Amino acid sequence: MRTLDDLDVAGKRVLVRVDYNVPLGPGRKITDDARIRASLPTLTELREKGARLLLASHLGRPKGRDEALSLKPAADRLAELLGEDVALAPSLDDVPDGDVVMLENVRFEPGETENDPALARRYADLADAYVDDAFGAAHRAQASTEAVAHLLPSAAGRLLEREVTTLQGILEAPERPLVAIVGGAKVTDKIGVLEAFLKSADRILIGGAMCFPFFKAQGHEVGASLCEDEGLEPARHVLDAGGEKLRLPSDLVAGRELSADTETRALDGVDVPEGWMGLDIGPRSARGYAEVIRDAGTVFWNGPMGAFELEPFAAGTRAVAEAIAESGAVTVVGGGDSAAAVAQFGLADRITHLSTGGGAALELIEGKALPGVEALS
Ligand code: ADP
Ligand code: MG
């Protein structure tokens, strides 16, 4: 993969694909600017090397032009962080001159999500070189992430470079033991990752609603727990292949329903009674997982251990997050909700690498080629 070290940018206008798909609150105020801050190393390096910047990003899923999903808030925030004016281009036919200019939401353009070569040509005609720093969008082949990379001298930005080298490092030469912790809501989204870790990890710890297809496959009662039936077959296969590597919780915290003031109950075991939902791993499981994490050489975590957004069901996720923060291992956290959990517990700066790309990180771990990365190779 080509990096900024391979690209001559002095005096050039560089089209930089960033991931400014930031959460917006009331009044279109940015509620978390982490993705904008994450792009600063690349942008400042390019500016220091004498490049002018033309930034491109998507925001949300607009169908055509939609002022509610304008990148104006991102342009304003970037101007504050960079200490430079950031002009917003009203359209591709009307791009102002300037040292730092931002295009409007690329998804306003017909053809963006279809990887349309004609649209990519229009982007390319606006710049002399292309840098992709949008790791979170690298698993999609779109005009601003894939097609355009073939039309200009192109390279990965520092964020994309770090994401790819860190995640590939886990696959290729991890400090052992490699402990994979997989939780969250949907087993079917993550089955490919589990399969990959069956080959590469030394330990796999399962938590969250992921558990229930496994428990059901083992013949346990799951009550009203979130349990996808399509997850049963994959869970059976992982159980067969996992052997000693695989660990499931041995106790749970249950609730009547998914709410913070619901009746709760500690279960010493994993059979969930009728009318109850398993909503967190129990304290014995959390202690056991923390011990495995303490002895790890590398930890990869994706997916919370329970419904951590609700305080009665946050303890398992908090215990795992704290163990990860305290461990001397190389620690990598991927996934939007997992990253939110780490932030909620105030542990973000104690993780080696907090991935900015949920889907892209999982696809890379699964060993899939990312179109946005391939285009830079
Ligand atoms: P990530 O975004 O980190 O990849 P997911 O999106 O897969 O994680 O899952 C996160 C969601 O799963 C959280 O909103 C959390 O509340 C939910 N969750 C975790 N465990 C359970 C459970 N036992 N029952 C219901 N929801 C759960
Ligand atoms: Mg999620």
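Biologist: Happy to start with helix 2 (residues 40–48): which of its residues are buried?

Modeller: First, this is a predicted model, where local features need pLDDT of at least 70, side-chain atom pairs count only at pLDDT 80 or more, and totals for chains, interfaces and linings use all residues. Residues are numbered from 1 along each chain as its sequence is written, chains are lettered from A and ligands numbered from 1 in the order in which they are written, and side-chain values use heavy atoms, leaving out hydrogens and water. Helices (H or I, at least four residues) and strands (E, at least two) are DSSP runs numbered from the N terminus, and buried means under 20% relative accessible area, exposed over 50%, partly exposed in between (1.4 Å probe, protein chains only). On those terms, the buried residues of helix 2 are L40, T42, L43, E45 and L46.

Biologist: Which residue with a positive phi follows helix 2?

Modeller: The buried residues of helix 2 have cover that includes strand 1, helix 1, strand 2 (52–56) and helix 5 (158–172). After helix 2, a phi near 90° belongs to G50.

Biologist: Is V18 buried or exposed?

Modeller: V18 sits in the loop between strand 1 (13–17) and helix 1 (34–38). Setting aside residues up to four places away in sequence, V18 has contacts (heavy atoms within 4.5 Å) with S39, L55, A56, S57 and A134. Because its relative accessible area is 1%, V18 counts as buried.

Biologist: And what is the relative accessibility of G60?

Modeller: G60 belongs to the loop between strand 2 and helix 3. Apart from neighbours within four places in sequence, G60 is in contact with N21, L69 and R107. G60 is partly exposed because its relative accessibility is 21%.

Biologist: Which backbone oxygen does the side chain of T298 reach?

Modeller: T298 lies in strand 13 (residues 298–302) and is buried, at 3% relative accessibility. Its contacts, leaving aside neighbours within four places in sequence, include I170, P174, L178 and V330. At 2.6 Å, the side chain of T298 reaches the backbone oxygen of E175.

Biologist: Now for ligand 1: which helix gives the most to its shell?

Modeller: Of the 19 residues around ligand 1, K190, G278, E309, D337 and S338 come nearest. Strand 12 (277–281) is one of the elements supplying at least two residues of the shell. With three residues, the most comes from helix 11.

Biologist: How much of the exposed area of ligand 1 does the protein bury?

Modeller: A backbone N or O atom of G278 lies 3.0 Å from a nitrogen atom of ligand 1, while a polar side-chain atom of E309 is 2.5 Å from an oxygen atom of the ligand. Ligand 1 alone exposes 580 Å², by the Shrake-Rupley method with a 1.4 Å probe. The protein buries 84%.

Notes: A residue is near a molecule or strand if one of its heavy atoms lies within 4 Å of it. A polar contact is a pair of N or O atoms within 3.5 Å; within protein, one must be able to donate a hydrogen and the other to accept it, and residues adjacent in sequence count only if both atoms are side-chain atoms.
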